[in-house]
Amino acid sequence: MRNLNEDTITQAVLASLSGCGDARLRTVMTSLVQHLHAFARDVKLSEDEWFAAIRFLTAVGHITDDKRQEFILLSDVLGLSMLVTAQNNAKPAGCTESTVFGPFYVEGSPGYENGADISNGAQGQPCFVRGRVLDLAGMPVPHASIEAWQADECGHYDVQTPACDGEHVHRARGHLRTDDDGRFWFRSILAEPYPIPHDGPVGAMLEALGRHPWRPAHLHFMVTAPGCETLITHVFRNGDRYLDSDAVFGVRSTLVADWVPHPPGIAPDGKPIETPYYTLDFDFVLSRAREAQ
Ligand code: BEZ
Ligand code: FE
């Protein structure tokens, strides 16, 4: 393996993988090397460009810590996260579609009863969310767990604000269970569009590409129930200006819903409300887990 040139280097690297005992790793690395070399040939990558890419990836690593995952953000804005989500979560027709998880889910959110206000003081116009969890046959899924999380009216998730005494206050996130009829209902705040974190190397890359960092207004959900496949998804707000240019390519038409505005009066919880408010109605249809079918 000497005197390799631009015509023979790819074969030599591929041959070096032949001793790998992990068949899947060999398959993945073989394809990666083939595509990487083909890419460098395709664009005739210069040494300066190669080094700029090394500097960029180094910066992505430097800004990444246990609170900020710039590599996932990079994957998101390149559409890789949505591609991996789509090819691993194909659902039968009629089931609610999945979309990207995003970096702002946290374990250990507060548990609530139906009807509770999960905003817990997050700023935003009141919004009453209601729906059912059903299976593909239209049967209610009782006692399903609904985890919801969203940004406030300034576009910030609770985890993005500095913690007091190291303890984050959970705002506009929580979990609850569907009732015997598969119904859930809670109060939160109106979802608004917000930019993904763009003060780091991924933001600089978007700027260089002439792309904006905005996501259309959405509410995140994770729905789990025994015997059903876990659903990780969002509901997007109809009419949002970013629906067709989501920075992370996560929008699916079936996930777009109307947030209906209402004047002050009697809210869906039966209490008087002095400000305008919104309602969102959305049903989730789960796929029965494959083993259980
Ligand atoms: C989110 O929706 O929370 C999100 C998804 C991908 C990147 C950044 C944020
Ligand atoms: Fe989000």
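Some bookkeeping to start. Residues are numbered from 1 along each chain as its sequence is written, while chains are lettered from A and ligands numbered from 1 in the order in which they are written. The model being predicted, local features need pLDDT of at least 70, side-chain atom pairs count only at pLDDT 80 or more, and totals for chains, interfaces and linings use all residues; side-chain values use heavy atoms, with hydrogens and water left out.

Ligand 1, then. Around it are 13 residues, and Asp76, Tyr194, Arg215, His218 and His220 come nearest; a residue counts as near with a heavy atom within 4 Å. By type, the shell divides into seven nonpolar, four polar and two charged residues. Nonpolar here means Ala, Val, Leu, Ile, Met, Phe, Trp, Tyr, Cys and Pro, charged means Asp, Glu, Lys and Arg, and the others, Gly among them, are polar.

Which side-chain atoms sit by the ligand's oxygens? A polar atom of arginine 215 lies 2.5 Å from an oxygen atom of ligand 1. For tyrosine 194, the distance from a side-chain N or O atom to a ligand oxygen is 2.7 Å. For histidine 218, it is 3.0 Å. The protein covers 100% of the 270 Å² of accessible area that ligand 1 has on its own, by the Shrake-Rupley method with a 1.4 Å probe. Two elements, α4 (70–77) and β7 (218–224), each give two or more residues to the shell.

β7 also belongs to an open, mixed sheet of five strands, ordered β3-β2-β7-β8-β9. Strands are DSSP E runs of at least two residues, helices H or I runs of at least four, and two strands pair if DSSP finds at least two bridges between them. β3 (173–177) and β9 (256–257) stand at the edges with a single partner each, so one side of each has no neighbour in the sheet. β2 (residues 145–149) runs antiparallel to β3, joined by five bridges, and isoleucine 146 stands opposite leucine 176 in β3.

Note on methods. Polar contact = N/O pair within 3.5 Å; in protein donor to acceptor, adjacent residues only side chain to side chain.
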